[in-house]
Amino acid sequence: PSSCWVAAENYGEEMYPYGFELHYFMGKIAEEPYDDNSWFLKAECTITNEYNAEYESVCEIKVTGTTDSPQIAEFIVY
């Protein structure tokens, strides 16, 4: 799951170029296998907008692929 968390944070940084921090150490809500080839991850996150304002959210991610090449299948922030 550690490579999945890194892939999820990198994806979030691409989606939110002004700032995205996935709190998967202290803000972890869920980390469980979704099926044989996927993980379901859920954690608190902080998003920064273009005006440097931050807001707290929750991020749900489904990750597939391999340890060497994880792929984000679903990425939801609310």
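Helices (H or I, at least four residues) and strands (E, at least two) are DSSP runs, numbered from the N terminus.

**Ground rules.** I am reading a predicted model, where local features need pLDDT of at least 70, side-chain atom pairs count only at pLDDT 80 or more, and totals for chains, interfaces and linings use all residues. Residues are numbered from 1 along each chain as its sequence is written, and side-chain values use heavy atoms, with hydrogens and water left out.

**Entry on E32.** I looked up E32 and found its place in strand β1. E32 is partly exposed, at 42% relative accessible area (buried means under 20%, exposed over 50%, partly exposed in between, with a 1.4 Å probe and protein chains only). Leaving out residues up to four places away in sequence, E32 touches W39 and F40 (contact means heavy atoms within 4.5 Å). I also checked E32 against S3: they are 29 residues apart along the chain, and their C-alpha atoms are separated by 14 Å.

**Entry on salt bridges.** How many salt bridges does a search of the whole structure find? I noted two (a side-chain nitrogen of Lys or Arg within 4 Å of a carboxyl oxygen of Asp or Glu). E31 pairs with K28, with the closest N and O atoms 3.3 Å apart. E31 is partly exposed at 32% relative accessibility, and K28 is partly exposed at 40%. E60 pairs with K42, the closest N and O atoms being 3.5 Å apart. This pair links distant parts of the chain, with E60 in strand β3 and K42 in strand β2, 18 residues apart. E60 is buried, with a relative accessible area of 18%.
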